[in-house]
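Have the sequence and the 3D view open as you read.

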Amino acid sequence: MKQRNKILFTAMLWLTSSMTIWAQSSNITISKTLDGESNDAAGEVTHAESDGVCTLTVNPADGKYLAGATAISVRQTIDAGMASARTRSGEPTILAVEVEASGTTNKNGGGNYQFAYDSNCSYAVTVAFLSGASTSVTVDGVVYYGVNNGCTVCGKTEPHYHVGDGTEGSGYESETTPTELTIPASVGGLPVTVISDNAFKGCSTLKKLTIENTESVVKLGQNALSGTGYPWIHVPADKVEEYRTNTDWVTYKDKIVPIGLKTQIALGGVVYYYKVSAAGGGNYYVGNQTNGAGYDSSSELKEIVVKDVITADLNGLSQDIPVTAINTHAFQNCTLLEKVTFLGNVKILNRECFKGCENLRTVVLPSSLLVIDLDAFTGCTNLTSIEIPAAVQNVNAGAFSGCI
């Protein structure tokens, strides 16, 4: 009887020992890589097990991202002896375990990922991070927000940047009052593809926005330029027409011009303003319809020459752009002015353009001229004679009132 009890006790002890071996708790090791190289600082990864499921919580470091569940590799090690408590021989079996995202992951791939686990097995987890866009970065007053996974706004799957994050004024440093801003083709080597909703909203001082992306039209979000100074939009020369006809940008089609073109330029005391034509392209006008905007009021102008063309440097190519009109009020009350010579191309002298130039004595009109509008030279009391070119079709009422 004692011998039987001894055998039974020994059997129970062996069984208890066996149960201790086969019921060991899960063993999970985690390694991290960045662009294929071991890097423990690429992000934070924690894990928790419950009811046969292991949940990995992944938080990429700034400027790093995870390209979804496929970037997580899990290898399960099963000891050969686990197949049968009676058989503890042979080599361990290593299996790949499928990983799935749990819930919604963020734009950097951060979030929860799950896989089924057995507490009797060991698991080697490798999380493969990639270098990507930073959460946010400010360059020359413009604020960019990184998007690293599939973008629902522009459809781009690779890392890139958006200007602003959708909230009002988030595309620029709000404590500043910029008049000009430039959006480069890339930031940190990654393309800029979107100007987000409300990005520059309320930036009332903004007069010029340059977009340097040569690959595609940058998407413009809703109200992105609302409340600005209705800025000129400068884009690559070969993208001008594409921008002007794009549904996002059509509201600004008369403000879209090639990079390198000066929308306002003063030459010889005369101030020229660019205007986009309805048929595409554009011309220069003298003045901008405000009183005296056609000349440099700080100079003591007695004689001016209105150029026939303004030469622009567009992407290294020289282009002559014609000067076709003298705008309303351009030289109004320029009382020192005595002589005006037109070199050509001007087709219309708009109303009151030289009104009140009381010392104006000599005007050499161009052969291209078609119209002299209302009160163009009214009040030019010293202008006693002028030669009208043969091409002129209309001399409107009061054009020379009080002079000739």
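## Ground rules

A residue is called buried when its relative accessible area is under 20% and exposed when that area is over 50%, with partly exposed in between. Keep in mind that this is a predicted model.

## How confident is the prediction?

The average pLDDT for the chain is 89, and 91% of the residues reach at least 70.

## Salt bridges

How many salt bridges are there? The count is six, and three of them get a closer look below.

Start with Asp40 and Lys32, whose closest N and O atoms sit 3.2 Å apart. Asp40 is exposed, at 61% relative accessible area, whereas Lys32 is buried at 12%. Then there's Lys239 with Glu242, a salt bridge at 3.3 Å from N to O. Lys239 is buried, with 11% relative accessible area, while Glu242 comes out partly exposed at 39%.

## A link between distant parts

Lys219 pairs with Asp248 at 3.4 Å, N to O. This one ties together distant parts of the chain: Lys219 belongs to strand β18 (residues 219-220), Asp248 lies in the loop between α2 (240-245) and β20 (256-258), and the two are 29 residues apart.

Definitions and conventions
Residues are numbered from 1 along each chain as its sequence is written. This is a predicted model: local features need pLDDT of at least 70, side-chain atom pairs count only at pLDDT 80 or more; totals for chains, interfaces and linings use all residues. Side-chain values use heavy atoms; hydrogens and water are left out. pLDDT is the predictor's confidence in each residue, from 0 to 100. A salt bridge is a side-chain nitrogen of Lys or Arg within 4 Å of a carboxyl oxygen of Asp or Glu. Buried means under 20% relative accessible area, exposed over 50%, partly exposed in between (1.4 Å probe, protein chains only). Helices (H or I, at least four residues) and strands (E, at least two) are DSSP runs, numbered from the N terminus.
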